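Dear colleague,

Please find below the structure that I am handing over to you, with its sequence. My findings follow it.

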Amino acid sequence: MWKHALLLLSLAPAWAQLPTDAASIQAGKKAYEWHCAFCHGAGSDGFAANLVSPRLIYAPTDSSLVNIIRTGISGTGMPPALGMSETEIKQVAAYVRSLGRTAPQKVAGDATRGEALYNGKGGCTGCHMIGGSGGRMGPDLSDIGIRRAPASLRTSIVNADSVVVPGWAQVNAELSGGGKLSGVRLNEDTFSIQIRDDGGKIHSLAKSGITKLEKNAAKSTMPSYEGKLSGAEIDDIVAYLFSLRGGL
Amino acid sequence: MKIVKSLSLLLAAGSLVCGQNAGNWLTYSGNDAGHRYSTLNQITKANAARLRPLWVYQIDKTDKFEASPIVRDGIMYISEPPSDVTALETGSGRVLWKYKRVLPDDMPVCCGKVNRGVAIHGDSIFLGTLDAHLVALDASTGSVLWDVAVADYKAGYTSTVAPLIVKDKVIIGSAGGEFGVRGYLAAYDAKTGKQAWRFWTIPAAGEKGTETWKGDSYKFGSGTTWVTGSYDAALNTIYWGTGNPGPDWNGVKREGDNLYSNSLIALDADTGKMKWYFQFTPHDVLDLDSTQVPVLADIQWKGAPRKVVLFANRNAFYYVLDRQTGEYLLGKSYVRQTWAQPELDAKGRATWLPNTHPTAQGTTVYPNSPGATNFQAPSYSPQTKLHYVMTRDEGGVFYSGDDSYKQGSWYLAGRFVSKPGEEARGAIKAMDPRTGTAKWEFPMFAPSWAGVLSTAGGVVFSATWEGDMIVLDDATGKLLWRFPMGGNVFANPVTFLSGGKQVVAIAAGHALFTFALE
């Protein structure tokens, strides 16, 4: 058995070497458009992670980049590669790194004004945390500037229902003993559901004790800011959010 | 010393049931007919609530754990991903030996480095490997008795299926349908490892069937055989399902029915010659492999006894065929589907509806590529005469692309995603073969990849996707007991006796769980 263990070690893939030639990166771009663009966007302006960034949260090294493309990121919306050869995976990784070398997307607004709006008129802090302070009713935004591209951030603010972050579906439960509970669905299975209420308290309910369960994965608890903030104000907030890179 | 002693006592107790096969679980499906049914009746509707975990065995791999165990006389044999075998003592869960296979690192593999189980015959254990070999191991030590290459892994061939023993032969299927391979079912002599016959599921140049493929597209026709089939000794016939035609999601280059993809094939057990076939999904472009376990049942059909084969298909239709002739008796949609006309024709042929093929912009169709059911094993109880099927209800968006065949490369010509904004659902359905309708169903939050087991105790065992082991009343579907195993399930349950006590086992997450009455 030892012999086998040693053999396995020696078969472990070497440090990922990404191709650097233009043809490979071009091939990577083509594969990206087929396999990745419908989530990440053709110019990385989709709803999934913004890849126009010199550093990536899950992929500090080229090896980890190749690995997450190959196997996905479990527990998130990032799927494993299907239908990609090892060569193509490396080419796509090289293309992703080339995106990271391009200048960050341009934003029209002003980040300093955006920060003030975020904390003041926008009323965002009540629901979102940044750097450890803020509310719990929405996702932590500390590294939102890497996780989302500016165009998709803007869409989220203007019309919150357009992309609802997975894991933030709103649910309303009517309980058999009378009473109601609403909040965000943290988890669910055939027999139970876990809900965080608007006060941040976590409840686990047996489905047998629920008389009616309303779920709306396409409805956000976040208000839409169309008409409540001017176009320029939204641009400023987008500029601020885009500058939040979780210290990366 | 003491431990060793009690171990040997346990093993001795186990061997009391030697030859008494009810206490063993000797094939993938428990019997040749594909029933996944046991005559064991210690666990009943009345006492199922007293089930408790007996032991848990953890594997040290992160790949999907899909093995269906084999149990004989107090020893359990499981495969572990990617192509390893472990023997365990059934009373304690302690490991007796392991076979570890070192695989090449340049293997093209589709859907995880998985294996669904081993086969046992005499003193040998048989394993199909990811690098497309068939290996015989000594059941007592794990030593390699013989090891033969069944196909060339570099061309995209793999084996993930549990082999089936038919008389003195080991029947092994192929996988690699996403790489444009040529599917086969092959028989090897259990003693020598010599090939006895091989049936190619895709015809060769000049053979009948090539006319169902445009041009020479049959050369990359796939039609693999990656789920264990069934065997009828009286008819000397092997029944096996075949997979998708290649490439998966664009049929333009392979116009025609694409025989014998997505079919049930009936082969002579001695020669491998085809007796008949029945194609469920002609010209498939949704990846609807007909690789489900064919269930052989003897039922009353319109007032007369009839030998039939039941087939709950991935394409969302439920079929009953005469298993001597392949004659179509019944076919009904049993899960939501939008790809075909709701009624099959008089011969059981499905008719594609317009605008259901993948396109560059995407076409929404039910079911999604994983289908209405997939490799989750069904169960048939001769007691209730019901056929228990794990079903999935999910839509998909299908995109077509272009791929030209290159040896060892992906050959898909498209892709699919789950229909956005919709949560998939699952259910265990108790199908009545005489009507093709469900007598009851047990709805589940998400579609599960677990198989189903029924027993003479009047209970049905299975698991939810989220990892709950569940026990249902076989007549009503009522939940009797559950246990959260804490990991997603991709495997089938089995049951056996250990030290005279009925045990149920199933893999969940990266562990094998066993349960017995307290």
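The side chains of A:Arg185 and B:Glu423 form a salt bridge, with 2.4 Å from N to O; the term stands for a side-chain nitrogen of Lys or Arg within 4 Å of a carboxyl oxygen of Asp or Glu. Between chain B and chain A the count is one salt bridge. Four residue pairs are in polar contact between chain B and chain A, both residues at pLDDT 80 or more. A polar contact is a pair of N or O atoms within 3.5 Å; within protein, one must be able to donate a hydrogen and the other to accept it, and residues adjacent in sequence count only if both atoms are side-chain atoms.

On the side of chain B that touches chain A, the elements giving two or more residues are strands S26 (396-400), S27 (414-418), S29 (437-444), S32 (468-473) and S33 (479-484) of chain B. Strands (E, at least two residues) and helices (H or I, at least four) are DSSP runs, numbered from the N terminus. By class, this side of chain B has 14 nonpolar, four polar and nine charged residues. Here Ala, Val, Leu, Ile, Met, Phe, Trp, Tyr, Cys and Pro count as nonpolar, Asp, Glu, Lys and Arg as charged, and the others, Gly among them, as polar.

This is a predicted model, in which local features need pLDDT of at least 70 and side-chain atom pairs count only at pLDDT 80 or more, while totals for chains, interfaces and linings use all residues. Residues are numbered from 1 along each chain as its sequence is written, chains are lettered from A and ligands numbered from 1 in the order in which they are written, and side-chain values use heavy atoms, with hydrogens and water left out.

The contact (heavy atoms within 4.5 Å) takes 27 residues from chain B and 17 residues from chain A. About 1800 Å² is buried between the two chains, and carbon and sulfur atoms give 69% of this area; buried area is the accessible area (1.4 Å probe) that two parts lose on being put together, summed over both. In chain B, the residues that lose the most area to chain A are B:Val102, B:Arg415 and B:Phe445, together 31% of what that side buries.

Chain A itself has nine helices and seven strands. Its C-alpha trace spans about 60 × 55 × 30 Å along the principal axes. Of the 248 residues in chain A, 41% are buried, that is, under 20% relative accessible area, with exposed over 50% and partly exposed in between (1.4 Å probe, protein chains only).

Yours sincerely
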